Amino acid sequence: MSNLKLGIIGAGYIAEKHLEVISKIRGLKVVGITSRTIFKAKKLGRKFGIKNIYLDYVSLFNKNQLDGVLILVSSEEIYPVLNKIIPYRIPFFVEKPPGLNFFEIKKLCKKVKKYKLKNMVGYNRRYYSNFKKGLKLINDKGGLLGLIVEGHERFWKITDKISNVNRENWLYSNSSHTIDLLRFFGGEIKDCSINKFSLIEKKGDQFSLSIKFKNNIVGTYIANWYSPGGWSVKLFGHGVTVKFDPLEQGFWYDKNMNIHKITPDKKDLIYKPGFYYQMVEFRNFLDSGTLNWPGQGLQNIMNTFYLIKKIINAK
């Protein structure tokens with residue numbers, strides 16, 4: 001397999017975690033990196049053997065024939081950067097969220113469609129190896145019957161650490177990870193009843209969703225941002241219940257209520273969970289032109305953001 005040439009935009013924590021897996025995946029080579037903070041780009045360049053460091057993405061694009069580009073900037077920068085680079089027609093991987101509101105994401109979706117541009121949005125939890133094993137247990141017993149996703153945010157711990165823009169749009173910026181898990185596990189949604197309340201945050205901070213999926217699975221989403229808790233998932237099958245709490249750990253219960261551990265693959269123990277298998281899929285996507293499930297491009301992931309829009313607009 002010949003190396004696919006990648007460019008990187010962004011040089012923060014997430015960029016480093018992606019570079020850790022890219023350096024171990026056959027068929028990928030990072031040929032250049034750029035960042036607003038050039039010293040961070042130089043530091044990553046030295047660590048991962050990237051010789052070409054650029055002051056801006058225009059230089060990165062003009063001086064390299066790229067097969068793909070990774071947009072790994074902060075959540076507030078993603079939309080303006082992505083909006084500018086789409087016309088260059090370079091297939092891209094973008095970290096979540098592609099935008100901080102529905103208008104931005106819809107605009108990007110229309111733009112990639114106009115340019116017929118291959119793209120992938122990075123929701124790495126779709127690639128957790130323990131999720132894959134848990135779903136197999138459920139499907140081997142006849143399929144999923146119901147699910148509960150809890151997306152508690154511990155908001156009191158972060159309000160003084162995030163910008164006002166991020167705070168106001170946290171459902172897009174961060175909660176979209178757990179909201180997207182509804183579609184990942186349950187499929188597309190048929191009906192949804194939403195109850196929400198605002199304790200402090202004007203767009204809501206107490207959420208309860210009752211969901212019926214198109215395949216007749218029933219689901220619940222609960223998020224209480226100012227109560228101690230975390231992210232978790234329960235899957236209910238025929239004589240088996242699977243629990244991920246926290247998401248990186250898994251257990252399943254048989255009919256006799258015996259508990260069995262679900263062990264993640266080694267790759268999810270060595271690297272940031274989901275990152276290795278997600279990047280393998282991006283490589284295969286660039287090579288074949290086909291993005292396989294559970295991968296999501298902008299047009300697919302729009303269904304997650306439609307649901308977030310409904311939550312925000314609910315009375």
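## Cis peptide bonds in two loops

Pro-97 sits in the loop that runs between strand S5 (92-95) and helix H5 (102-115), and in this predicted model the peptide bond joining Lys-96 to Pro-97 is cis, with omega about -10°. A cis peptide bond is also found from Trp-293 to Pro-294, where omega is near 15°. Pro-294 belongs to the loop between helix H11 (275-288) and helix H12 (298-313).

## Positive phi outside glycine

Arg-89, in the loop between H4 and S5, has a phi near 60°, a positive value in a residue other than glycine. With a relative accessible area of 51%, Arg-89 is classed as exposed, because the class begins over 50%.

Met-257 likewise is not a glycine, and its phi is positive at about 65°. Its place is in the loop between strand S13 (250-253) and strand S14 (259-262), and at 59% relative accessibility Met-257 counts as exposed.

## The chain as a whole

The chain contains 12 helices and 14 strands, and its C-alpha atoms fill a box of roughly 60 × 45 × 35 Å along the principal axes. Buried residues make up 53% of the 315 residues, and of the contacts between residues at least 6 apart in sequence, 69% join residues at least 24 apart.

## Helix H4 and Glu-76

Helix H4 spans residues 75-85 and includes Glu-76. Because 8 of the 11 residues of H4 are buried, this helix is largely enclosed by the rest of the structure; the buried residues are Ser-75, Glu-77, Ile-78, Tyr-79, Val-81, Leu-82, Asn-83 and Ile-85.

Glu-76 itself is partly exposed, with a relative accessible area of 38%. Leaving out residues up to four places away in sequence, Glu-76 touches Leu-100, Ser-163, Val-165 and Asn-166, and with Ser-163 there is a side-chain polar contact of 2.3 Å. Pro-98 lies 22 residues from Glu-76 in sequence, and the C-alpha atoms of the two are 9.3 Å apart in space.

## Glu-20 in helix H1

Glu-20 lies in helix H1, which covers residues 13-22. Its relative accessibility is 18%, so Glu-20 counts as buried, given that the class is limited to values under 20%. When residues up to four places away in sequence are set aside, Glu-20 touches Lys-47, Phe-48 and Tyr-271.

## Leu-145 in strand S7

Leu-145 is placed in strand S7, residues 144-151, and is partly exposed, with a relative accessible area of 40%. Apart from neighbours within four places in sequence, Leu-145 is in contact with Ile-217, Val-218, Phe-236, Gly-237 and His-238. Leu-145 and Phe-103 are separated by 42 residues in sequence and, from C-alpha to C-alpha, by 34 Å in space.

Definitions and conventions
Residues numbered from 1 in each chain as written. Predicted model: local features only at pLDDT ≥ 70, side-chain atom pairs only at ≥ 80, totals over all residues. Heavy atoms only, no water. Helix = DSSP H or I, 4+ residues; strand = E, 2+ residues; numbered from the N terminus. Buried < 20%, exposed > 50% of the residue type's maximum accessible area, 1.4 Å probe, protein only. Contact = heavy atoms within 4.5 Å. Polar contact = N/O pair within 3.5 Å; in protein donor to acceptor, adjacent residues only side chain to side chain.
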